[in-house]
Amino acid sequence: MAMLEVKDLEVYYGVIQAIKGISFEVNKGEVIALIGANGAGKTTTLHTVTGLLAPKNGHVFFEGQDITKVPAHKIVSMGMAHVPEGRRVFAELSVYENLKMGAYTRKDKAEIEDSLANVYKRFPRLEERKNQMAGTLSGGEQQMLAMGRALMSRPKLILMDEPSMGLSPILVNEIFDIIRSVSESGTTVLLVEQNAKKALSIADRAYVLETGKIVLSGNAKELLEDEAIKKAYLGE
(Lines give C-alpha, C1' and ligand atoms only; values in the text may rest on other atoms or scores of the structure.)
Protein backbone atom coordinates (compact mmCIF):
# COMPACT_ATOMS: atom_id res chain seq x y z
CA MET A 1 0.00 0.00 0.00
CA ALA A 2 1.24 3.46 -0.94
CA MET A 3 1.82 5.94 1.89
CA LEU A 4 0.07 8.66 -0.16
CA GLU A 5 -2.39 7.94 -2.94
CA VAL A 6 -4.02 10.67 -5.00
CA LYS A 7 -6.92 9.42 -7.14
CA ASP A 8 -8.67 11.26 -10.00
CA LEU A 9 -8.19 14.64 -8.34
CA GLU A 10 -10.02 17.64 -9.82
CA VAL A 11 -9.60 21.12 -8.38
CA TYR A 12 -11.23 24.35 -9.52
CA TYR A 13 -10.67 28.03 -8.80
CA GLY A 14 -14.16 29.35 -9.53
CA VAL A 15 -14.93 28.13 -13.06
CA ILE A 16 -11.28 27.52 -13.96
CA GLN A 17 -10.14 23.93 -13.64
CA ALA A 18 -6.61 23.88 -12.23
CA ILE A 19 -6.21 20.11 -11.72
CA LYS A 20 -7.75 17.76 -14.30
CA GLY A 21 -8.17 14.32 -12.83
CA ILE A 22 -4.62 13.48 -11.75
CA SER A 23 -3.60 10.27 -9.99
CA PHE A 24 -0.24 9.45 -8.43
CA GLU A 25 1.25 7.71 -5.43
CA VAL A 26 4.16 8.06 -3.04
CA ASN A 27 5.55 4.95 -1.36
CA LYS A 28 7.16 4.88 2.07
CA GLY A 29 10.81 5.94 1.95
CA GLU A 30 10.68 7.45 -1.54
CA VAL A 31 11.62 10.91 -2.76
CA ILE A 32 9.02 11.80 -5.39
CA ALA A 33 9.46 14.87 -7.60
CA LEU A 34 6.54 16.74 -9.13
CA ILE A 35 7.94 18.89 -11.90
CA GLY A 36 6.41 21.25 -14.45
CA ALA A 37 6.34 24.83 -15.65
CA ASN A 38 4.86 27.75 -13.69
CA GLY A 39 1.08 27.45 -13.54
CA ALA A 40 1.08 23.69 -14.19
CA GLY A 41 -0.79 23.04 -10.93
CA LYS A 42 2.04 21.81 -8.71
CA THR A 43 1.33 24.08 -5.70
CA THR A 44 -2.42 23.54 -6.07
CA THR A 45 -1.80 19.78 -5.87
CA LEU A 46 0.17 20.14 -2.61
CA HIS A 47 -2.45 22.46 -1.11
CA THR A 48 -5.17 19.94 -1.90
CA VAL A 49 -3.20 17.01 -0.47
CA THR A 50 -2.58 18.90 2.80
CA GLY A 51 -6.20 20.01 3.20
CA LEU A 52 -5.73 23.70 2.39
CA LEU A 53 -7.93 23.37 -0.73
CA ALA A 54 -11.00 21.18 -1.24
CA PRO A 55 -11.16 19.18 -4.48
CA LYS A 56 -14.34 19.09 -6.56
CA ASN A 57 -13.78 15.41 -7.34
CA GLY A 58 -11.33 12.67 -6.45
CA HIS A 59 -9.74 11.41 -3.27
CA VAL A 60 -6.55 11.67 -1.22
CA PHE A 61 -5.52 8.65 0.87
CA PHE A 62 -2.81 8.78 3.53
CA GLU A 63 -1.67 5.44 4.94
CA GLY A 64 -4.87 3.89 3.58
CA GLN A 65 -7.18 6.46 5.18
CA ASP A 66 -9.32 8.81 3.09
CA ILE A 67 -8.26 12.32 4.17
CA THR A 68 -10.01 14.23 1.36
CA LYS A 69 -12.29 16.09 3.78
CA VAL A 70 -9.99 16.12 6.83
CA PRO A 71 -9.00 19.66 8.03
CA ALA A 72 -5.38 20.73 7.49
CA HIS A 73 -4.40 20.82 11.20
CA LYS A 74 -5.63 17.25 11.70
CA ILE A 75 -3.61 16.10 8.68
CA VAL A 76 -0.49 17.53 10.38
CA SER A 77 -1.16 15.48 13.52
CA MET A 78 -1.56 12.36 11.33
CA GLY A 79 2.05 12.74 10.20
CA MET A 80 2.15 15.02 7.17
CA ALA A 81 4.09 18.31 7.10
CA HIS A 82 4.12 21.03 4.45
CA VAL A 83 7.01 23.40 3.71
CA PRO A 84 5.19 26.10 1.72
CA GLU A 85 6.41 28.05 -1.27
CA GLY A 86 7.98 31.34 -0.19
CA ARG A 87 8.96 29.85 3.20
CA ARG A 88 6.24 31.65 5.22
CA VAL A 89 8.16 31.91 8.46
CA PHE A 90 6.70 33.97 11.32
CA ALA A 91 8.83 37.08 10.81
CA GLU A 92 8.08 38.66 14.21
CA LEU A 93 8.97 35.50 16.16
CA SER A 94 12.45 34.23 16.96
CA VAL A 95 13.97 31.20 15.25
CA TYR A 96 13.38 29.19 18.44
CA GLU A 97 9.71 30.28 18.64
CA ASN A 98 9.17 29.38 14.98
CA LEU A 99 10.56 25.91 15.58
CA LYS A 100 8.37 25.41 18.65
CA MET A 101 5.34 26.37 16.51
CA GLY A 102 6.17 23.37 14.32
CA ALA A 103 5.53 21.08 17.30
CA TYR A 104 2.14 22.59 18.22
CA THR A 105 0.29 19.29 17.66
CA ARG A 106 2.59 17.43 20.08
CA LYS A 107 2.34 17.16 23.86
CA ASP A 108 5.48 15.13 24.69
CA LYS A 109 7.81 17.82 26.13
CA ALA A 110 10.93 15.65 26.42
CA GLU A 111 10.53 14.35 22.87
CA ILE A 112 9.94 17.88 21.55
CA GLU A 113 13.27 18.92 23.09
CA ASP A 114 14.84 15.88 21.44
CA SER A 115 13.39 16.93 18.05
CA LEU A 116 14.71 20.47 18.61
CA ALA A 117 18.20 19.08 19.29
CA ASN A 118 17.98 17.05 16.06
CA VAL A 119 16.92 20.12 14.05
CA TYR A 120 19.83 22.13 15.48
CA LYS A 121 22.17 19.26 14.59
CA ARG A 122 20.89 19.24 11.01
CA PHE A 123 20.85 23.06 10.76
CA PRO A 124 23.67 24.42 12.98
CA ARG A 125 22.98 27.94 11.68
CA LEU A 126 19.53 27.89 13.25
CA GLU A 127 21.03 27.16 16.66
CA GLU A 128 23.49 30.03 16.21
CA ARG A 129 20.56 32.34 15.42
CA LYS A 130 17.92 30.84 17.73
CA ASN A 131 17.17 34.18 19.43
CA GLN A 132 17.14 36.17 16.19
CA MET A 133 13.86 37.35 14.64
CA ALA A 134 13.01 35.09 11.70
CA GLY A 135 12.29 38.07 9.44
CA THR A 136 15.93 39.19 9.68
CA LEU A 137 17.35 35.87 8.37
CA SER A 138 18.68 35.48 4.83
CA GLY A 139 16.57 33.63 2.25
CA GLY A 140 18.58 30.45 2.66
CA GLU A 141 18.31 30.58 6.45
CA GLN A 142 14.55 31.14 6.21
CA GLN A 143 14.29 28.08 3.97
CA MET A 144 16.22 26.05 6.55
CA LEU A 145 13.90 27.38 9.26
CA ALA A 146 10.79 26.43 7.26
CA MET A 147 12.20 22.92 6.80
CA GLY A 148 13.24 22.67 10.45
CA ARG A 149 9.80 23.85 11.59
CA ALA A 150 8.13 21.14 9.47
CA LEU A 151 10.47 18.48 10.89
CA MET A 152 9.45 19.50 14.43
CA SER A 153 6.08 17.79 13.87
CA ARG A 154 7.98 14.52 13.34
CA PRO A 155 6.34 13.88 9.96
CA LYS A 156 6.18 10.55 8.18
CA LEU A 157 5.75 12.49 4.91
CA ILE A 158 7.11 15.96 4.20
CA LEU A 159 5.87 18.01 1.23
CA MET A 160 8.23 20.71 0.00
CA ASP A 161 7.12 23.45 -2.38
CA GLU A 162 9.90 25.11 -4.41
CA PRO A 163 12.62 24.90 -1.71
CA SER A 164 15.29 26.30 -4.04
CA MET A 165 13.32 29.37 -5.14
CA GLY A 166 15.34 32.59 -4.99
CA LEU A 167 18.48 30.96 -3.58
CA SER A 168 22.05 31.17 -4.85
CA PRO A 169 23.48 28.04 -6.57
CA ILE A 170 25.64 27.22 -3.51
CA LEU A 171 22.63 27.39 -1.19
CA VAL A 172 20.53 25.36 -3.63
CA ASN A 173 23.12 22.57 -3.39
CA GLU A 174 23.05 22.82 0.40
CA ILE A 175 19.23 22.64 0.55
CA PHE A 176 19.17 19.60 -1.74
CA ASP A 177 21.83 17.87 0.38
CA ILE A 178 19.56 18.46 3.39
CA ILE A 179 16.51 17.06 1.53
CA ARG A 180 18.54 13.96 0.69
CA SER A 181 19.60 13.53 4.33
CA VAL A 182 16.00 14.02 5.54
CA SER A 183 15.00 11.19 3.21
CA GLU A 184 17.90 8.98 4.33
CA SER A 185 16.85 9.44 7.96
CA GLY A 186 13.50 7.81 7.16
CA THR A 187 11.12 10.62 6.17
CA THR A 188 9.26 10.21 2.88
CA VAL A 189 9.48 13.30 0.62
CA LEU A 190 7.14 14.78 -2.02
CA LEU A 191 9.04 17.57 -3.72
CA VAL A 192 7.60 20.27 -5.99
CA GLU A 193 10.44 22.04 -7.75
CA GLN A 194 11.00 24.18 -10.83
CA ASN A 195 14.69 23.27 -10.87
CA ALA A 196 13.88 19.98 -12.62
CA LYS A 197 17.48 18.85 -12.98
CA LYS A 198 18.14 19.16 -9.25
CA ALA A 199 14.82 17.54 -8.32
CA LEU A 200 15.37 14.58 -10.66
CA SER A 201 18.94 14.14 -9.41
CA ILE A 202 17.74 13.27 -5.87
CA ALA A 203 14.33 11.71 -6.61
CA ASP A 204 13.47 8.04 -6.99
CA ARG A 205 10.53 8.67 -9.29
CA ALA A 206 8.92 11.74 -10.83
CA TYR A 207 5.66 12.96 -12.31
CA VAL A 208 5.53 15.71 -14.95
CA LEU A 209 2.57 18.07 -14.66
CA GLU A 210 1.36 20.19 -17.58
CA THR A 211 -1.71 22.45 -17.33
CA GLY A 212 -3.27 20.33 -14.59
CA LYS A 213 -2.55 16.90 -16.11
CA ILE A 214 0.20 14.36 -15.52
CA VAL A 215 1.75 13.87 -18.95
CA LEU A 216 4.71 11.68 -18.01
CA SER A 217 5.95 9.65 -15.07
CA GLY A 218 8.75 7.23 -14.36
CA ASN A 219 12.15 6.57 -12.85
CA ALA A 220 13.81 9.92 -12.10
CA LYS A 221 17.21 8.95 -13.53
CA GLU A 222 15.56 7.82 -16.78
CA LEU A 223 13.56 11.04 -17.02
CA LEU A 224 16.83 12.99 -16.63
CA GLU A 225 17.99 11.35 -19.87
CA ASP A 226 14.65 11.76 -21.69
CA GLU A 227 15.10 14.05 -24.71
CA ALA A 228 11.66 15.66 -24.38
CA ILE A 229 12.26 16.39 -20.70
CA LYS A 230 15.73 17.78 -21.44
CA LYS A 231 14.27 20.14 -24.03
CA ALA A 232 11.23 21.26 -22.03
CA TYR A 233 12.59 21.45 -18.48
CA LEU A 234 16.35 21.08 -18.35
CA GLY A 235 17.30 23.76 -20.87
CA GLU A 236 19.28 21.31 -23.00
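Reader: Which order do the six strands of the open sheet take?
Author: The order is β6-β7-β8-β3-β9-β10, and the pairing is mixed. Strands here are DSSP runs of E with at least two residues, helices are runs of H or I with at least four, and both are numbered from the N terminus. Two strands pair if DSSP finds at least two bridges between them.

Reader: And which strands stand at the edges?
Author: Those are β6 (80-83) and β10 (213-219). Each has a single partner strand, so one side of each is left without a neighbour in the sheet. From one strand to the next, the twist averages 15 degrees.

Reader: Before I go on, what kind of model is this?
Author: This is a predicted model, where local features need pLDDT of at least 70, side-chain atom pairs count only at pLDDT 80 or more, and totals for chains, interfaces and linings use all residues. Residues are numbered from 1 along each chain as its sequence is written, and side-chain values use heavy atoms, with hydrogens and water left out.

Reader: What pLDDT does the protein chain average?
Author: The average is 91, and 99% of the residues score at least 70. pLDDT is the predictor's confidence in each residue, from 0 to 100. Among the elements of the chain, β4 has the highest mean, 97, while helix α10 (residues 227-233) has the lowest, 80.

Reader: Thanks! Back to that sheet: how many bridges join β3 to β8?
Author: Four bridges join them, and the two strands, β3 (residues 31-35) and β8 (residues 188-192), run parallel. V31 has V189 of β8 as its bridge partner.

Reader: Which strands does α7 touch there?
Author: Helix α7 packs on the sheet against β3, β7 and β8, and its direction makes about 150 degrees with that of β8. Contact means heavy atoms within 4.5 Å. Angles run from 0 to 180 degrees between N-to-C directions, and axes are lines fitted to C-alpha atoms, for helices over the stretch in contact.

Reader: What about α1, which strands does that one lie across?
Author: In this sheet α1 lies across β3, β6, β7 (157-161), β8 and β9 (205-210), at about 150 degrees to β7.

Reader: OK, new topic. What is the order of the open sheet of four strands?
Author: The order is β2-β1-β4-β5, with antiparallel pairing. Its edge strands are β2 (16-26) and β5, each pairing on one side only. Helix α1 (residues 42-49) packs on this sheet too, touching β1, β2 and β4, with its direction at about 115 degrees to that of β1.

Reader: Can you walk me through the pairs?
Author: β1 and β2 pair over eight bridges in the antiparallel sense, and V6 stands opposite F24 in β2. Strand β1 (residues 4-13) also pairs with β4 (residues 57-62), over five antiparallel bridges. There, K7 has H59 as its partner, and E10 has N57. β4 then pairs with β5 (residues 65-66) over two antiparallel bridges, with F61 facing D66 as bridge partner.

Reader: Which residue takes a positive phi in the hairpin of β1 and β2?
Author: That is G14, with a phi near 65 degrees, and the hairpin has two residues between the strands. The hairpin of β4 and β5 also has two residues between the strands, and there E63 takes a positive phi near 50 degrees.

Reader: Switching to helices: at what angle do α6 and α7 pack?
Author: Helix α6 (residues 139-151) and helix α7 (residues 169-184) pack at about 10 degrees, with their axes 10 Å apart. That makes α6 roughly parallel to α7; angles under 35 degrees count as roughly parallel, over 145 as roughly antiparallel, 65 to 115 as roughly perpendicular and the rest as oblique.

Reader: Which residues of α6 and α7 meet?
Author: G140, Q143, M144, M147 and L151 of α6 meet L171, E174, I175, I178, I179 and V182 of α7. By class, this contact has eight nonpolar, two polar and one charged residues. Nonpolar covers Ala, Val, Leu, Ile, Met, Phe, Trp, Tyr, Cys and Pro, charged covers Asp, Glu, Lys and Arg, and the others, Gly among them, count as polar.
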